[in-house]
Amino acid sequence: MDLDKRPQTAQRPTTTAGDGAGGGPALRASDADRDHYAAILREALAEGRLTAEEHAERVEAVYASRTHAALEPLVADLPHPGATIPQAAPAQAPPPQAGPEDNLYAVFSEAVRRGQWRPAARIRAYAILGSVEIDLSQAIFEHRHVTIRAFSVLGSVEIRVPENVTLVGGGSGVLGEFKVDGLQAVDPEAPSVHVEGFAVLGSVEAVPKRGKLIRELSRHLRKRLG
């Protein structure tokens, strides 16, 4: 009877250990975690390890990821120091809301967003024999990360951002121009704008608007994210 009981008792710690080991990768990822992995991808793009298209795809996947397990494969083939997130506390924060998607179409016409408006987390802009203007210099950022996908065919897409946000991205031009003037914000909590897409016989331009700043940026973001 004693011999029969011993293997049953020994099996319980093994099962419990397995459960604990598998819990780490399933932890929810925070904004800080996603920013950490996005920085690794940004460095890989600057070093030529990733193409602009690969970078755009992976960055989009990073900000769509909800767990550490989903984030790690996105940088597994890249050199990066400290891929494991050193602090576990930020993972307890709830995942951010993706927010609505905004679509702007300009077909033989003009589409404009400017002034004190609230940009969605994802914006698609289509300029076909027309023009789209997206001016974020006075926008009220309700999302820390805004992705703009701009497509221009015989048209133009102009994107303006204030000087105290991070502006990154890249695309391709076919007999046209795709220009993103990269900008790195000093404040680590500043919003980031990622621009991607293509221009065919047209232009896409994303640049800072000189002299325009988001005022009291840190206080508003800390209040919202705290």
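User: Why does R124 count as partly exposed?
Analyst: Welcome! This is a predicted model, and the values here are computed from it. R124 has a relative accessibility of 23%. Buried means under 20% and exposed means over 50%, so R124, at 23%, falls in between and counts as partly exposed.

User: What makes R124 and E101 a salt bridge?
Analyst: Their closest N and O atoms are 3.1 Å apart. The rule asks for a side-chain nitrogen of Lys or Arg within 4 Å of a carboxyl oxygen of Asp or Glu, so the pair of R124 and E101 at 3.1 Å qualifies. R124 lies in strand β3 (residues 122–128) and E101 in strand β1, so the bridge ties together parts that are 23 residues apart in sequence. E101 has 42% relative accessibility, so E101 counts as partly exposed.

User: Which residues does D102 touch?
Analyst: Leaving out residues up to four places away in sequence, D102 is in contact with R113, W117, A120, R122, I123 and R124.

User: What makes D102 and R113 a salt bridge?
Analyst: The closest N and O atoms of the two are 3.6 Å apart, and the limit is 4 Å, so D102 and R113 are a salt bridge. The pair links distant parts of the chain, with D102 in strand β1 and R113 in strand β2, eleven residues apart. R113 has a relative accessible area of 28%, so R113 is partly exposed.

User: How many salt bridges does the count come to?
Analyst: By this rule there are twelve. One of them joins the side chains of R58 and D77, at 2.9 Å from N to O. R58 sits in helix α3, while D77 sits in the loop between α4 (68–71) and β1, and the two are 19 residues apart.

User: Are R58 and D77 buried or exposed, and how can you tell?
Analyst: Each gets its own answer. R58 has 18% relative accessibility, under the 20% limit, so R58 counts as buried. D77 has a relative accessible area of 55%, over the 50% limit, so D77 is exposed.

User: Why are α2 and α3 called roughly antiparallel?
Analyst: Helix α2 (residues 31–46) and helix α3 (residues 52–64) have axes that cross at roughly 175° and come within 10 Å. Angles over 145 degrees count as roughly antiparallel, and therefore α2 and α3 are described that way.

User: Which residues meet where α2 and α3 touch?
Analyst: From α2 come R34, D35, Y37, A38, L41, R42 and L45, and from α3 come A52, H55, R58, V59, V62 and Y63. By class, this contact has eight nonpolar, one polar and four charged residues. R58, the partner of D77 in a salt bridge, is among them.

User: What is the strand order in the open sheet, and which strands stand at the edges?
Analyst: The open sheet has five strands in the order β2-β4-β6-β10-β8, with parallel pairing. β2 (110–113) and β8 (177–180) are at the edges; each has a single partner strand, so one side of each is left without a neighbour in the sheet. Neighbouring strands are turned by 10° against each other on average, direction ignored.

User: How do you know that β6 and β10 pair?
Analyst: Pairing needs at least two bridges. Strand β6 (residues 156–161) and strand β10 (residues 203–208) share six bridges in the parallel sense, so they pair. R160 stands opposite V207 in β10, and E158 stands opposite E205 in β10. E158, R160, K179 and E205 are also linked in a network of salt bridges.

User: What makes β8 and β10 a pair?
Analyst: They have four bridges in the parallel sense, and the rule needs at least two, so β8 and β10 pair. One example is E177, whose bridge partner in β10 is S203.

User: Why is S172 called partly exposed?
Analyst: S172, in strand β7 (residues 166–174), has a relative accessible area of 40%. That value lies between the limits of 20% and 50%, so S172 is partly exposed. Leaving aside neighbours within four places in sequence, S172 is in contact with F178, G197, F198 and A199.

Notes: Residues are numbered from 1 along each chain as its sequence is written. This is a predicted model: local features need pLDDT of at least 70, side-chain atom pairs count only at pLDDT 80 or more; totals for chains, interfaces and linings use all residues. Side-chain values use heavy atoms; hydrogens and water are left out. Axes are lines fitted to C-alpha atoms, for helices over the stretch in contact, and angles run from 0 to 180 degrees between N-to-C directions. Angles under 35 degrees count as roughly parallel, over 145 as roughly antiparallel, 65 to 115 as roughly perpendicular and the rest as oblique. Contact means heavy atoms within 4.5 Å. Ala, Val, Leu, Ile, Met, Phe, Trp, Tyr, Cys and Pro count as nonpolar, Asp, Glu, Lys and Arg as charged, and the others, Gly among them, as polar. Buried means under 20% relative accessible area, exposed over 50%, partly exposed in between (1.4 Å probe, protein chains only).
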